[in-house]
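Hello,

Here is the structure you will be taking over. My notes follow below it.

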Amino acid sequence: MRVALFVTCVNDALYPATGIATVRLLERLGVVVDFPAAQTCCGQPQFNTGYRRETVPLVRRTARAFEGYEYVVIPSGSCAAMVREHYPKFGETALPARTYELTEFLVDVLGVTDVGAYFPHTVTYHPSCHGLRSLGLGERPRRLLEAVKGLELRELPGAEECCGFGGTFAVKNSDVSAAMGQDKVRGAASTGADVLCGADNSCLMHIGGILRRQDAPQRALHIADILASTEEEPLL
Amino acid sequence: MSGTYLGMPSFPKAAKDAVHNVTLRANLRHATHTIRDKRAKAVAELEDWALLREAGKQIKDHTLRHLDRYLEQLESAVTAAGGTVHWAADAEEANRIVADLVKATGESEVVKVKSMATQEIGLNEALKAEGISAYETDLAELIVQLGDDRPSHILVPAIHRNRAEIRDIFERKMGSWGRPAPDGLSDSPAELAEAARLHLREKFLRAKVGISGANFMVAETGTLVVFESEGNGRMCLTLPETLISVVGIEKVVPGWRDLEVFLQTLPRSSTAERMNPYTSMWTGTADADGPRTFHLVLLDNGRTGTLADEVGRQALRCIRCSACLNVCPVYERAGGHAYGSVYPGPIGAILSPQLRGIQSEIDVSLPYASSLCGACYEVCPVAIDIPEVLLHLREKVVDQGGKGHRLEKTAIKAAGWILDHPAALAAVEKTASGTRGLHPGRPPGAGAWTADRELPELPAQSFRDWWKKNRT
C-alpha cells in the first residue's frame, strides 16, 4: 500500500520528529510512504482567523499536491479536520474523501490497534477538540495506546475540555488561553503520568510550553512518537 | 442594546481581570460544571434527543423563513383575544412604547418577570428616566439589581456571586428598595430565599403593572408562553391589572404541536430538569381573571438584519437555554461580563455583533472570543453551528479592515506567499534552524505567547530536510 504523508507545516518546521516517527511507523506496518514536496500548509490558520481569500491558494496547492493518491495521512486532527470539514466549502471534494488522520488510518484502513510499539511509561491522553468533535476519532487513539507494550494509560480528568490553544486564539486571547492550558496541565499532573500524549502538535506546543515554563516533570508527546517507539529503538 | 454596554473594552481586555480573579473563577467553575453534568444526565434520559434537536432546528428554520406570515397571524390572534400589538423597530422605540403605556395607567412602579429582551433594550434604565421604578422579581435578577450589578449568565444572572456576597447585598440594599432583610440573616440558601420572598411579596401585592418577555409565542392562537422556576413569573403575569410583554420577533412558533418539542428540550438544556416548575400560558385577556389589559410589543432591534445573513441567521434559532455557556471553557474563565452584552458566552459572541453591528471595540473582538473547540455546538438543542458563525463573522471583521487588522493582514499575506512557494519555505526553515542557538527565549513582540508559555525549541533540521537526506 502506498500513502502520501501530509506532514503539516507545524510538524515540518517545529516537530520534524513527529513526521519522522509517522514515516517509521507506517513503513514498519508495510506501507510505502511518499512525501509530495509541493505541500506546505493546509490553510487552517488563515481560515480560522477570517482570511478566506488568503486561504484559497493554500487549499488549491494542497489539493494539487496530493492528486492521484488513494490515501493521504495527516498526523494532526485539526489539519485533517480542516481538509475534511472545510475544503468542500472551497469546492474541493476529492481530497477530503481520501484524507485520514493518522489514528483513523491505522485503525480503520490498516485495521490494526497493536502496532508493535514499546513504551514503558505512564501516559495520559488529551483528545484535541477537532479530532474529537469534527473527525469523531472516539476511542481510536486510546485503543492504540492501550495496545502499546509497557504503556500504562491513565485517565485524564476533564479530558474533553479544550486545552486553550485554538490557533490565533492563543495570542489574541492569551490570558484566557493560558488559563485554560494551566487547568489542563493541572489535570494532567494529577494523573502522575510521565507523558501527556495528544494527536495534534499545535495543541501540544501550547500545553508543552506551559509544562516547560512551570518546570514540570511531565512532557508532552505526539501519539506518533509513542507508536513509533520499539524495544529495539525506544524513544525514551 | 442597552446603553450600559456602550464603550465596553474589547473581550481580551475585559477577560483579563476575570481570569485573575480567584473567587470569580472558583464560583464560575463550580456553577458551570454542576449544571453541565446535570444537563448531560437529563439529556441522556431521552432516547430521541437527536431527533428532538433536529425537529427544534427545523421548526425554527421554517418559522424564520416565513416570519412575516407567522407574525401577522400572531398579531391577528392576539388582537382577536383582546390584546393590543405594537411593533418596535429598535430599542428606543420599544422603550418609548412601554414607557407611554405605563404612564397611561398613572402608575410609577412595575414588577418584572425575568426577560432577556427587556435587558437587551435597557428598559429599566429607560423607565427610570421617565420616573418609573421597575422591580426585578426573579431571585438572581433581584441580586443583580440590588447589587447595582450586571447579569453575567442568561439563566443564572448572578452566577458570579456566591452566598456570602448575596447575603451582604441583601443586608446592605434591600432596605432602600423596600422591605429590609431580616436581622441576623445568614448565608444559608433557605434564609436567603425567605428574605427575597418577603421582600418581593410586598411588590407583587402592590403592583398594578407587570412587564414580561416570553419564551415562545404561538401564532395560531396568539398565546404567549413563559418557562420559569420560582413562581415569581406567575405572580407578575396574573396579579397586575395591566400586562406588557416585550418579545423578540424570532420567538414565534406556528402552532401548539411545535411547542411540544421545546417543552422537552428547553428545561433539560437549561436547568437540567425534565420539566420546569412553572409554565405560564396566556392568550389576550379574560373577563374573570388575570390582567384586564394586555399589550404585546414585538421587537426587531437588529433581528431582521440578522435574518438577511444566510450563515448568521441560525443564531435566531436560539431559545436562550444557556447550555452553550455552561460547557464553554472560555466563558468559564472569562465570565459573562467580558462579553459586554446581556447575551454572554458562545451564543452572545455570535448574537451581539449581529444585533448591534460589528462596529464597537467589543463587537469586533467577540467573534474571536472562542478557541473553536465546538463544545457549544454539540450541546445546542437547536443545533446552532456556533463555530461556523464565528468563522463567518471573523471574515466580516477582516473584510471591513479596521484597527489592529491591517498589520495582521500584511503578516498573513507575507506568510501566504512563503507557503505558496515550497522552496522559499525550505529556505526559511533552514535559516531558522541554522541560527537557532542565537534566538532569544522570549523574543520581543512574542509577549502574548511567552508571558505564560515557552516557545517551542527549533529543531536542527526540518522534516523536509530529513526527508531529502534520508528518503530520496
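A residue is called buried if 20 or more other C-beta atoms, placed from the backbone, lie within 10 Å of its own, exposed if 12 or fewer do, and partly exposed in between. By that count, 61% of the 236 residues in chain A are buried.

This is a predicted model, in which local features need pLDDT of at least 70, side-chain atom pairs count only at pLDDT 80 or more, and totals for chains, interfaces and linings use all residues. Residues are numbered from 1 along each chain as its sequence is written, while chains are lettered from A and ligands numbered from 1 in the order in which they are written.

Chain A has 13 helices and 8 strands, taken as DSSP runs numbered from the N terminus (helices H or I, at least four residues; strands E, at least two). Its radius of gyration, over C-alpha atoms, is 17 Å, close to the 18 Å from the globule rule (2.2 Å times the number of residues to the power 0.38), so chain A is as compact as a globular protein of that length. The C-alpha trace spans about 45 × 45 × 25 Å along its principal axes.

One open sheet has 4 strands in the order β6-β5-β7-β8 (chain A), with parallel pairing; strands pair if DSSP finds at least two bridges between them. β6 (152–154) and β8 (219–222) of chain A are at the edges with a single partner strand each, so one side of each lacks a neighbour in the sheet. β7 (residues 195–198) of chain A is joined to β8(A) by 4 bridges, and Leu196(A) is opposite Ala220(A) there.

Regards
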